[in-house]
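Please open the model in your viewer and keep the selection panel at hand.

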Amino acid sequence: MSAARIRQRLLAAVFAFTMLGAVALAFAVDNTPQFADPVLQARYYGLTHELRCMQCQSEALADSNVGLAADLRMEVHKLIESGKSDVEIRDFMVARYSEFILLRPRMSLRNLWLWAAPGLLLIAGIVVALRVLRRRAQLPISDDEVS
Amino acid sequence: MKRFLLPLGGFALLVVVLLVGLRHAPEREAKFVKSPLLGKPAPQFTLPQLVDPAQTFDSSSLRGGWHLVNIWATWCVTCREEHEVLLQIKQEGRVPIVGLDWKDEDAAAISWLSQLGNPYQVVLADRKGDVAIDFGVYLAPESFLIDPQGIVVEKQYGAMTVEDWRSKFLPHLTAPAKAGA
Amino acid sequence: MLVELGHFAMILALALSAAQAFFGLTGAALKRERWMSVATSAVTGQFLFLALGTATLVHAFVVNDFSVKYVANHSNSALPLFYRVAALWGAHEGSLLLWICVLGVWSIAVAWRGAKLPPDYLARVLGVLGVVSFGFLLFLLTTSNPFERLLPAAIDGADLNPQLQDFAMAIHPPILYAGYVGMSVSFAFACAAMLEGRRDHLWAHWQRPWTVMAWAFLSCGIALGSWWAYYVLGWGGWWAWDPVENASFMPWLAGTALIHSLIVTDKRGLFKSWTLLLSVAVFSLSLLGTFLVRSGVLNSVHSFAADPARGIFILSFLVLMIGGALALYAWRAPSLGSDVGFEMVSRESFILFNNILLAVATAVVFGGTLAPMIADTLGLGTLSVGPPYFNPSFLVPTLPLVALLSVGIHARWRRGQLSLSKQRLLGTLAIALVVGLGIVYGIYGSTRLMTPIGAVLGIWIILSSLVDPLLQLRKRIALPAGVLGMTVAHIGVGIFVLGITFVESSTIERDIALAQGQSHTIGGYEFRFLGVENMEGPNFDGVRGHVIVSQGSKVVADLHPDKRRYFVQGTVTTKAAIGAQWNRDLLAALGEDLGSNSWSLRLQYRPMIRFVWLGAAIMALGGVMTLFDRRYRTAPVAATANTQTTGDPVQAST
């Protein structure tokens, strides 16, 4: 754990310093064997980028250099190899590490508010804008303000 | 003109959220996430024993009695801090401790136990770390209290402390009614 | 002794900030000129004491006074002098001190430049700034004192985090803070207008340049941080939607909305209450950022939770400042309505959409950043939100924003006359379509839908920004600085959009094991690994790899990625080597030693990544250019409530 502690302290320093930016200190080079099939490799790439490294928490599995992240990358590799679908692999991780491991929150009823928010906000914004527009369009356009 | 009060109302809601966030900040800082295993059956596994790799241990042997499964390793500094507490729990004799030696060197683990004392009823060697992943371990040491039905009822992140043992774990063992739940 | 003197100077600064707040606000309320002038003097005095206090701490760093706890924790005698000075803002306490000093600089600039403002308005502005300063100084002195002594003194310091020993990193915080803190000036102008109960919109004219200035600093600060993360952290990412990044991005987004709505308020007296609300919101978001980063409520920033008192303090300050300002808003805003109209298709309506979309974008980032806490509050369980959520969600408001920009800059004020620009709009769009699709399918090739859309929109923005100014130049019509600045800033947006589009869709990234002499080809570039050698630095040792990249038979980059171990903290860092060219970066970073002269390496090809930071820098430059517009030098004299600004060279000519 000492390594993790040091990391944590380093992160502290970086965040204090900048309020910006720091995500990983020493990044990882993924030593997990690559798939010959580009489709499987693309799935592997996607999954390791959308699963969180539980130990470091602010980076994805793919970018983390802690031992557990390497183990979990290997686990993802094995699961893909054994024919598991992306959904099954995500479920596998969630069953062990909770939904916290998902950098992409599930599209579930519980998370509906989160996923619906951008669209709903956009619609609400447009409605407001149109109402303002309609009101303003009926008001006199005073020309005296601008030469 | 009530609409001009809306920002203030929104801000009040935000403050509530921030207060809740602040209350949970210590857990967040420690990276504790509620384990999804709580209330669920403990993972099934078969592992070789550390001292005698020829002998294996099956998770079915956890049924029928309370067990504390402790994940540790010699490379884990916090585990050394915790060791004394585990020895105390052993002394208390309320529950047997099953040690899961996580991604460790056998020789180092054996000499660790002979030097610091062995609090475990049995020590299993999880050399590849597969079982630790099934337990969702990420902050070793971690400890799981498993009831006679094989259900995980309590989890400790990081070193077990005497206070946590007394306040979070012992009540399960002393309240048998809860065990069936 | 010197540091104790510095500490004492800060206490005096605190007292002066209280005086500034009291005499500024009550002096203006009671119309006592003597009191108001005390506020101005207090600003100067406070600045001097802040400078003195900071100087003593800088001195402690320079002479390696490890009896000062903060110096002992964040510096080291082996650290080069430049970084010893920069180490001042290397952690929480010092960066807070930097924040306060930057506020001191802004305040004195306002006091000095504001001589032309009505005295009671200026007094109120300084009064509000005094309140902000008081809050932060109290925070510093009660919870985060950098002047604390360490007994017994340390023999040597614990060193500055190696990642921070970098030029960009050393200059990044002052610039970023200049932006953050500058938004409190904007806030103070808005609050002063509300406190006074002004019903005109002159304040918008006064507030505008300060807001634009702060916004330009903020843009540069964020871009620098992104650039630093990219080349120091070595993993090739330039934006990760980390809560800490979002904390700086939200004020920027809202600030971008604000500089646009200020134009409408300044020019036409419209959107007054909205502009005031935005001013409050931008400042609130920077305060909120401080809270998120320093209280430990979010995962990324866990390390500060060590002291819950800090979180409580900032939250209380937040409640007082923002709650107060919003209450003031609820009181004053109802009387600010205006009965001035504009047509559906007009500059006003496009800026209205700009504001709505930017507000939605801010809300999306806000919601995503706070989502774990919101889920907690509502009892919805654990939740984590990362780039896979932010990337698509952020596009929802920003795609229409970028698409409308090209049209919006051609719309006339007040009345819709887009038909006049129809030809220019369609012409530029046609060129953008040809060029954009040509680049996408001719050079990069992409199967993603967003790539051609982004490319075409980016080019369209650049062309449609350029077309009017170019036509006017040809007619030898002089362009006011305001128009030039706007054009430049919008070209920056186009460049930024192009950068993001290509770097996000055509980046190639490979993690691979290579033995000495082996090579691997990505995106037409052959990376040949020539092995590693040992290296030694002043406070670190490590290995340096050598990778040669060639395209065809031509060597295009000679890369030396290294992996260092810093002595004092024992930290290992990897430093990627980057072969940069205007249209692409080639990266190589060392992973692990796999034995027998074999290493794992991360190789990357990132097209157009420079456009991202270049675009941000050009946006900031455009902002600064508008400040030279004649209209700010011939500021209208404050007068009766219904006086309107006259003459507007900024937009009248577009």
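Begin in chain B by selecting its open sheet, in which five strands run in the order 5-4-3-6-7 with mixed pairing; strands here are DSSP runs of E with at least two residues and helices are runs of H or I with at least four, numbered from the N terminus, and two strands pair if DSSP finds at least two bridges between them. This is a predicted model, in which local features need pLDDT of at least 70 and side-chain atom pairs count only at pLDDT 80 or more, while totals for chains, interfaces and linings use all residues. Residues are numbered from 1 along each chain as its sequence is written, and chains are lettered from A and ligands numbered from 1 in the order in which they are written.

Now colour strand 5 (122-126) and strand 7 (152-157) of chain B, which stand at the edges with a single partner strand each, so that one side of each has no neighbour in the sheet. From one strand to the next, the twist averages 20°, where angles run from 0 to 180 degrees between N-to-C directions and axes are lines fitted to C-alpha atoms, for helices over the stretch in contact.

Next select strand 6 (residues 142-146) of chain B, which pairs with strand 7 of chain B in the antiparallel sense over five bridges; within this part of the sheet, Ser143(B) has Gln156(B) of strand 7 as its bridge partner.

Move on to chain C and select helix 15 (residues 450-474) and helix 16 (residues 481-506), which pack at an angle of about 165° with their axes 8 Å apart. Helix 15 and helix 16 of chain C are therefore roughly antiparallel to each other, a term used for angles over 145 degrees.

Finally, show chains B and C together: 26 residues of chain C are in contact with 21 residues of chain B, contact meaning that the C-beta atoms of two residues, placed from the backbone, lie within 7 Å. On the side of chain C that touches chain B, helix 10 (272-295), helix 11 (308-332) and helix 12 (347-377) of chain C each supply at least two residues, and the largest share, 10 residues, comes from helix 11 of chain C.

Definitions and conventions: Angles under 35 degrees count as roughly parallel, over 145 as roughly antiparallel, 65 to 115 as roughly perpendicular and the rest as oblique.
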